[in-house]
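Reader: I would like to go through this structure and ask what lies behind the labels. Please set each value against its cut-off.

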Amino acid sequence: MSKKIVKTQEESKVIYLGPTIKEFGLPNGSIYDGFTNNVKVALEKYPKLKNLIFPVNSNLGNIKANLLKSGTKESILFNSLKKELGGK
């Protein structure tokens, strides 16, 4: 007999911690419970974006710290996407 896994509402929410993408109305720190159309289109145009979306119930303190620390995976991804968007 298989067990049914039930996600709580909090477990299904994700947060975007990448650079703001005005073109798609996607600001840093946006929380989603399922992706809106603009997020889906942004993911198609910028596939790296998916690496900057984290479950809300993850260790966000460490992730945010890593975004600011040079050389971390999170920082490299953030800056790579920012450069692709035309930022410095």
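Author: One definition comes first: buried means under 20% relative accessible area, exposed means over 50%, and partly exposed is in between. The model is predicted. By that definition, both Phe24 and Tyr46 are buried.

Reader: What makes Phe24 and Tyr46 an edge-to-face pair?

Author: Two values decide it. Rings pair if their centres lie within 6.5 Å, and planes over 60 degrees apart count as edge-to-face. The ring centres of Phe24 and Tyr46 are 6.3 Å apart and their planes stand at 80°, so the pair is edge-to-face. This pair links distant parts of the chain, 22 residues apart: Phe24 is in the loop between strand 1 and strand 2 (31-32), and Tyr46 is in the loop between helix 2 and strand 3.

Reader: Why is the pair of Tyr32 and Phe35 called edge-to-face?

Author: The rings of Tyr32 and Phe35 have their centres 6.4 Å apart, within the 6.5 Å limit, and their planes at 70°, over the 60 degrees required, so this pair is edge-to-face. The count by this rule is 2 aromatic pairs.

Reader: How do you know whether Tyr32 is buried or exposed?

Author: Tyr32 has 12% relative accessibility; the limit is under 20%, so Tyr32 counts as buried. Phe35 has 33%, which falls between 20% and 50%, so Phe35 counts as partly exposed.

Reader: What is the overall arrangement of the protein chain?

Author: The protein chain has 4 helices and 3 strands. Along the sequence they follow the pattern α-β-β-α-β-α-α. Of the 88 residues in the protein chain, 33% are buried. The accessible surface comes to about 6,100 Å², with 55% of it belonging to carbon and sulfur atoms. Among contacts with a separation of 6 or more, 46% are between residues 24 or more positions apart.

Reader: Which residues have the most contacts inside the largest nonpolar core?

Author: They are Tyr16, Leu17, Ile21, Leu26, Leu49 and Leu52, in a core of 23 residues. Strand 1, helix 2 (37-45), strand 3, helix 3 and helix 4 each give two or more residues to this core. For Tyr16, the contacts beyond four places in sequence include Ile21, Leu26, Leu49, Leu52 and Leu81.

Reader: Why are the buried residues of helix 3 said to be on the same side?

Author: The buried residues of helix 3 (residues 60-68) are Leu60, Ile63 and Leu67. They cover an arc of only 60° around the axis, which puts them on the same side of helix 3. Gly61 and Leu68 are exposed on the other side of helix 3. The buried residues pack against strand 1 (14-16), strand 3 (53-55) and helix 4 (73-84).

Reader: Why are the buried residues of helix 2 placed on the same side?

Author: In helix 2 the buried residues include Val39, Ala42 and Leu43. They cover an arc of only 100° around the axis, which puts them on the same side of helix 2. Asn37 and Glu44 are exposed on the other side of helix 2. The buried residues of helix 2 pack against strand 2 and strand 3.

Reader: How do you know that Ser30 counts as buried?

Author: Ser30 is in the loop between strand 1 and strand 2. Its relative accessibility is 12%, and the limit is under 20%, so Ser30 counts as buried. Beyond four places in sequence, Ser30 touches Val14, Ile15 and Tyr16.

Reader: Why is Ser58 called partly exposed?

Author: Ser58 has a relative accessible area of 26%, between 20% and 50%, so Ser58 is partly exposed. Ser58 lies in the loop between strand 3 and helix 3. Its side chain reaches the backbone oxygen of Pro55 at 2.6 Å. The C-alpha atoms of Ser58 and Ile15, 43 residues apart along the chain, are separated by 9.7 Å.

Terms used
Residues are numbered from 1 along each chain as its sequence is written. Side-chain values use heavy atoms; hydrogens and water are left out. Buried means under 20% relative accessible area, exposed over 50%, partly exposed in between (1.4 Å probe, protein chains only). Contact means heavy atoms within 4.5 Å. Accessible areas come from the Shrake-Rupley method with a 1.4 Å probe; for residues, only the protein chains shown count as cover. The arc is that of the directions from the helix axis to the C-beta atoms. A nonpolar core is a set of buried Ala, Val, Leu, Ile, Met, Phe, Trp, Tyr and Cys residues joined through side-chain atoms within 4.5 Å. Rings of Phe, Tyr and Trp (its six-membered ring) pair if their centres lie within 6.5 Å; planes under 30 degrees apart count as stacked, over 60 as edge-to-face and the rest as tilted. A polar contact is a pair of N or O atoms within 3.5 Å; within protein, one must be able to donate a hydrogen and the other to accept it, and residues adjacent in sequence count only if both atoms are side-chain atoms.
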